[in-house]
Amino acid sequence: MSTPTILERIKAYKLDHIAACKEAFPQAEVEAAAREAGSVRPFEDALLAAIHQGYGLIAEIKKASPSKGLIREDFDPAALAKAYEEGGATCLSVLTDGPSFQGDDSYLKAARDATSLPVLRKDFMYDPYQVAEARALGADCILIIMASVSDAQAAELESAALAWGMSVLIEVHDREELDRALTLSSGLIGINNRDLHSFETSLDVTRRLIKHVPADRLIVSESGLSGPRELAELAMYGARCFLIGESLMRQPDVKLATRQLLANPLTSAHGGGI
Ligand SMILES: O=C(O)c1ccccc1NCC(=O)[C@H](O)[C@H](O)COP(=O)(O)O
């Protein structure tokens, strides 16, 4: 038997974790908490508005990763969220997975309470229970990783999120996943430059897949992005939205780094769309 990849290992412990959570907090209780969570902040609409003036940035609060280990020692989710907001980020992404990312549900709440930005719960979703849980925490968007779910699971997760009024970011890494994603209704397609089985990361993934995404979907290029030049280069291919974690988390001044990243966006006046 071959060694499981990181994504397969994450899925295995996550399914155990979901079963344990369901024992401890029955679905009806979590749904009641989700109904009390207050209004949803418009995640997809915020990105659509942002790209009229520049780039849409989903700035990620990420303490550690399986590929890099600890990324940021001085880690205060509320302060980081504020720095991102003041630096001009459009939305936040908060990793809530503990075992692989040193994340925590409380980080999402802290980050969201500290800003007015819409927030993505960045986690590995397999069950509508987690969607209700995400809403109960205050999340405005969930992630569906096509590499880790069946078509039926993806549709079930999407419809649960839409029923809660949330946005859905559907993440793909190859053509087959993209074709499957396009059978769903969400307008947000994340092209992950990182292969979640091997960790190999290349911006060629965005360059290759972007031309197969219909114009009515909003593309978010994710992972391995580190500077304005890279954003401008992908903007030439038609990407206007970016999800960035590690390179911003490694900056001593997160607000300044965010501001500098967004300062001179490539606009249509420069041309665009190769
Ligand atoms: O970041 C990882 O090493 C990783 C490994 C396995 C599954 C998921 C992983 N990351 C989750 C993400 O999607 C990224 O945090 C996100 O796209 C930001 O990427 P980056 O800017 O490279 O931190």
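Visitor: In this predicted model, what makes E156, L157 and A160 contacts of P128?

Guide: Two residues are in contact if their C-beta atoms, placed from the backbone, lie within 7 Å, and P128 touches E156, L157 and A160 on that basis, with residues up to four places away in sequence left out of the count. For E158, the C-alpha atom is separated from that of P128 by 8.7 Å, although the two residues are 30 apart along the chain. P128 itself is found in helix α7, which covers residues 128-137.

Visitor: Why is P128 called partly exposed?

Guide: P128 has 19 other C-beta atoms within 10 Å, whereas a residue is buried if there are 20 or more and exposed if there are 12 or fewer; the value for P128 lies in between, so P128 is partly exposed. In the protein, buried residues make up 43% of the 274 residues.

Visitor: How many helices and strands does the protein have, and why is it called as compact as a globular protein of its length?

Guide: There are 13 helices and 10 strands in the protein. The radius of gyration is 17 Å, close to the 19 Å that the globule rule gives for 274 residues, so the protein is as compact as a globular protein of that length. Along its principal axes, the C-alpha trace spans about 55 × 40 × 35 Å.

Visitor: Which residues are closest to the ligand?

Guide: The closest are S65, S67, S223, G245 and E246, among 18 residues that surround the ligand. The elements that give two or more residues to this shell are β10 (241-244) and α12 (246-249).

How values were computed
Residues numbered from 1 in each chain as written. Predicted model: local features only at pLDDT ≥ 70, side-chain atom pairs only at ≥ 80, totals over all residues. Helix = DSSP H or I, 4+ residues; strand = E, 2+ residues; numbered from the N terminus. Rg over C-alpha atoms; globule rule 2.2 N^0.38 Å. Near = placed C-beta within 6 Å.
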